[in-house]
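User: Could you walk me through this protein before my class?
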Amino acid sequence: MTHNDKPINGQDNPSFLDLLNQLPPQPPTPELDGQHGAGRLAWLRAAWKTSWEEGGFLHQRWEEVFQARHAGWHELANWIKAALLFGGLSLIVLMLDTAGDITSAALKGLSDAPASGAGDGNGLWGTVDHPIRVFLADQAAHLPVAPAALYAFWQLTGLIGLVGGFFGNAGARIAWLLFGTGSLAMIWSATPAGGRAAATGLAALMWALASIFALRGLTLRPIVHNHPPQYQFNPAVHLHATIPAPTPAGDDYGDEPDNLHPLQR
């Protein structure tokens, strides 16, 4: 099989022209040569059949796809890598475009939300909710957005922070903390001076109770991981002693002095 491109990283870069080089020189059905287009159709059928035979262009590509399940990234064929990269980039672009459309539609829906009543401020919830409505309505007068949109966005942020924090999402828990802090600040700012401390304290208690679910499982204690040692140390003392070589038997009496008593020999 011929290849038009040079090998890359030790891999052959296949070319689609290899499929044309595998075609038989003549159509396999000469009886159809007289008909219009029959020779070209038979030529294409022969090319398709030949390419799927062992050693053919499509047969080798199928083998590369079959082996890709057990191969690493560096062992994959170059055309498979290119297809995966192109598909991944296309998926990322599609997800970003879809997320942009969803965000735009949500913000447009909040902006077009009908105006809601400011509430009468009665009851425990009204004591907390009414100052927030008043504060957002006063701020919306200086912004190009409706007060109802600001209030709906505030509610949506609290709901996402509560639900996401319950399932342990770190970003949702950060949003929940910012939601509670901002709510306390709005209540303190919009509540009359006579009941400001009571309204803010009541809101803090409600936020603390809701944080039981939003911050479920969160602990301030340091986490200590006790892992067994990867190696075992066995102290040992090694003494290296040199043993002198034994003296030959014939040399036992050769070095004795001559003045020794016979019994001492």
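Analyst: Here is a short tour of the fold, the surface and the aromatic rings. The model is predicted, so to speak of local features a pLDDT of at least 70 is needed, side-chain atom pairs count only at pLDDT 80 or more, and totals for chains, interfaces and linings use all residues. Residues are numbered from 1 along each chain as its sequence is written, and side-chain values use heavy atoms, with hydrogens and water left out.

User: How many helices and strands are there?

Analyst: The protein has 8 helices and 0 strands, where helices (H or I, at least four residues) and strands (E, at least two) are DSSP runs numbered from the N terminus.

User: What share of the residues is buried?
Analyst: Of the 265 residues, 20% count as buried, meaning under 20% relative accessible area, while exposed is over 50% and partly exposed lies in between (1.4 Å probe, protein chains only).

User: Switching to rings, how many aromatic pairs are there?
Analyst: The structure holds 5 aromatic pairs. Rings of Phe, Tyr and Trp (its six-membered ring) pair if their centres lie within 6.5 Å, and planes under 30 degrees apart count as stacked, over 60 as edge-to-face and the rest as tilted.

User: Why is the pair of Trp 48 and Trp 52 edge-to-face?
Analyst: Their ring centres are 5.8 Å apart and their planes stand at 65 degrees, so the pair is edge-to-face. Trp 48 is exposed, with a relative accessible area of 55%, and Trp 52 is partly exposed, at 36%.

User: Which residues do ring pairs link into a cluster?
Analyst: Tyr 151, Trp 154, Trp 176 and Phe 179 are linked that way.
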